Amino acid sequence: MTFSHISMRNQVDPKSRDLGDAAQQPMGSKARMLGRRAGPGGLQLPKGCGRLRFLPGPRESMEPTEGAEEERVVQCPVCQRELPGADINAHLDRCLQAGGAEAEPPSKRPRLAAAPPGSQAEGQPEEARPPARSPVFSLFHKGRGGGQSPAAACGRSGAGRDEAAVPAGHGCAAALCGESLAQKLEGKPLAERLRPDMLGDYVGQERVLGAQTLLRSLLESHEVPSLILWGPPGCGKTTLAHIIANSSKKNGMRFVTLSATSAKTNDVRDVISQAQNEKRLFKRKTILFIDEIHRFNKSQQDTFLPHVECGTVTLIGATTENPSFQVNAALLSRCRVIVLEKLSAEAMEAILMRAVRFLGLQVLGQGDQRGTPTTGSSSKSSEFPVYIEEKALNTLAYLCDGDARTGLNGLQLAVQARVAAGRNAPLNTSAKGGAAHGILVTEEHVKEGLQRSHILYDRAGEEHYNCISALHKSMRGSDENASLYWLARMLEGGEDPLYVARRLVRFASEDIGLADPLALTQAVAAYQGCHFIGMPECEVILAQCVVYFARAPKSIEVYRAYGNVKECLRMHTGPLPPVPLHLRNAPTRLMKNLGYGKGYKYNPMYKEPVEQDYLPEELKGTDFFKERKT
């Protein structure tokens with residue numbers, strides 16, 4: 001007995017079901033409705049997938065014949081192979097685990113619709129009918145796109161995927177589709193459009209993703225562990241997750257993206273519930289990417305713990321904050337923390353050159369002759385050619401401070417401004433015998449777009465503590481130049497000047513101390529001055545105080561002695577010793593009768609030094625100013 005195909009009952013329109021039944025009637029068979037199991041050894045589906053209907057083929061008779069159980073074959077809905085009914089369950093498990101890649105489903109006739117009257121297919125046997133497009137269940141597909149690659153559509157953004165392998169004269173995928181420069185500059189930001197899709201196009205982070213590194217080997221073998229990506233903005237955290245997403249989808253895994261800035265706990269639970277079903281029914285893995293994971297509070301982060309532990313989801317979190325402070329310790333122990341650094345100037349130049357090829361610009365070095373651009377399609381769209389100075393790209397690579405997003409957006413802004421201005425008054429860029437009308441983007445235009453050097457500083461994050469620590473250590477080391485630099489880094493980045501002034505008051509007693517008692521006066525005066533006039537006028541007050549402290553002699557005698565006293569109190573066992581009676585105050589007669597203040601020698605009444613004990617009996621002879629052995 002053979003079965004032509006299987007259909008889901010809860011996914012078929014009632015009208016279509018009637019048509020399908022009518023189409024099968026002339027063949028002399030009735031549609032057989034089965035439950036969760038198709039007879040002995042038949043096909044099984046888990047609960048929740050609906051009921052299955054097996055439609056008999058034209059050669060099939062509904063009356064059982066002798067030896068039918070031994071000869072019954074069933075067609076696999078994934079690979080379309082015909083197998084004995086007793087083997088279909090084990091085969092279907094293997095097909096689903098392999099993602100249905102064992103065989104490509106052949107073209108089939110429409111599942112339920114009857115052949116239109118008068119057509120050539122009417123009256124022909126099933127094998128002789130022309131093949132028609134009919135999708136297999138969406139249940140058995142790897143993705144929703146019907147197997148089409150995300151890069152198949154020419155209009156799709158993400159043009160940075162193959163630039164490293166494409167010659168400069170060919171431009172990018174978008175340029176080949178005929179996009180003009182204005183179209184490339186509109187819509188999505190340039191940083192989003194140039195986001196690479198493959199690991200080979202990822203630029204920078206050689207220490208983490210270089211050749212023969214552990215993480216790269218795992219990603220190339222499609223074994224993705226749970227990760228926490230920690231790094232400054234624009235260093236490639238989201239891009240790396242985007243590459244993992246493309247790779248995982250091609251290998252049958254499910255990739256879900258959530259942002260902690262907008263997602264709620266219920267959203268996370270829904271994703272985890274779907275991941276549990278995918279894993280139980282289809283043995284399909286789920287990768288969950290949480291952008292800005294530090295925005296989740298501790299209780300929300302606890303939601304991931306049991307599911308990351310048992311492998312229901314593979315968690316990838318991206319954060320700009322120190323995970324030691326912002327991510328639960330229990331979650332950190334289940335994930336590998338990957339530290340991404342700021343992009344180097346060389347990496348930024350490579351990224352900007354990819355953007356130049358995408359936009360179809362021509363780079364002009366010193367002494368270059370202006371002519372027709374060798375990249376892009378400006379001539380086809382009757383636009384003036386656009387040039388950019390090589391020096392402008394180098395300056396932009398340094399000014400963006402390792403932030404690829406800032407660099408690409410700055411380039412986009414500068415080109416957009418020059419193109420808009422050039423439409424009304426195109427520039428003449430003739431030089432050394434070659435003349436052509438075009439638009440030139442110079443270093444000044446790039447600087448104007450950025451306005452100032454992009455300074456990475458977060459008043460509430462990791463960089464805040466890094467910079468104040470560097471300032472403190474520079475003053476302690478008597479390096480006045482470094483002290484001024486770190487002070488300027490903080491103030492220009494938006495730090496509260498009163499915070500810096502408070503730290504200077506502490507430094508005056510901790511590191512200078514009695515070596516220069518006027519240091520404390522300088523610090524308090526600087527704090528009051530900052531409080532009176534504020535920024536930006538108070539910056540020179542802080543600068544004066546910082547230089548004074550860097551040049552002042554240093555002494556930690558008082559700081560160390562007080563630390564010894566605290567250690568003595570912490571290490572003391574038993575009750576603390578009482579205050580000696582001669583040191584106690586005696587304001588009442590009763591206290592005097594009890595011996596309070598008896599025997600105390602008032603020092604100003606004696607011309608010679610007075611011999612008198614001031615420490616408790618147990619601590620006589622203790623010298624806290626001597627360095628203690630640890």
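These legends describe close-up views of helices in a predicted model.

**View 1. Helices H19 and H20 cross at roughly 155°.** H19 covers residues 462-476, and H20 covers residues 480-492. Their axes come within 8 Å. Angles over 145 degrees count as roughly antiparallel, and H19 and H20 are therefore roughly antiparallel to each other. The crossing of H19 past H20 is left-handed.

**View 2. Side by side: the residues where H19 meets H20.** H19 brings Glu463, Cys467, Ile468, Ala470, Leu471, Ser474 and Met475. H20 answers with Ala482, Ser483, Trp486, Leu487, Arg489 and Met490. Sorted by class, this contact holds 9 nonpolar, 2 polar and 2 charged residues.

**View 3. H19 packs with H21 at an angle of about 35°.** The two axes lie 11 Å apart. This crossing is right-handed. From H19, the contact uses His464, Ile468, Leu471, His472, Met475 and Arg476. From H21, it uses Tyr499, Val500, Arg503, Leu504, Phe507, Glu510 and Asp511. By class, the contact of H19 with H21 counts 7 nonpolar, 2 polar and 4 charged residues.

**View 4. Helix H23 runs from residue 539 to 551.** H23 has 13 residues. At 1.5 Å a residue, they should span 18 Å. The end C-alpha atoms of H23 are 19 Å apart, which agrees.

**View 5. Buried residues of H23 and the helices they pack against.** Leu542, Ala543, Cys545, Val546, Val547, Phe549 and Ala550 are buried in H23. The buried residues of H23 pack against H19, H20, H21 (497-512) and H22 (518-533).

Technical notes:
Residues numbered from 1 in each chain as written. Predicted model: local features only at pLDDT ≥ 70, side-chain atom pairs only at ≥ 80, totals over all residues. Heavy atoms only, no water. Axes fitted to C-alpha atoms, helices over the stretch in contact; angles between N-to-C directions. Helix = DSSP H or I, 4+ residues; strand = E, 2+ residues; numbered from the N terminus. Parallel < 35°, antiparallel > 145°, perpendicular 65-115°, else oblique. Left-handed = near helix turned anticlockwise from the far one by under 90°. Contact = heavy atoms within 4.5 Å. Nonpolar A, V, L, I, M, F, W, Y, C, P; charged D, E, K, R; others polar. Expected span 1.5 Å × (residues − 1). Buried < 20%, exposed > 50% of the residue type's maximum accessible area, 1.4 Å probe, protein only.
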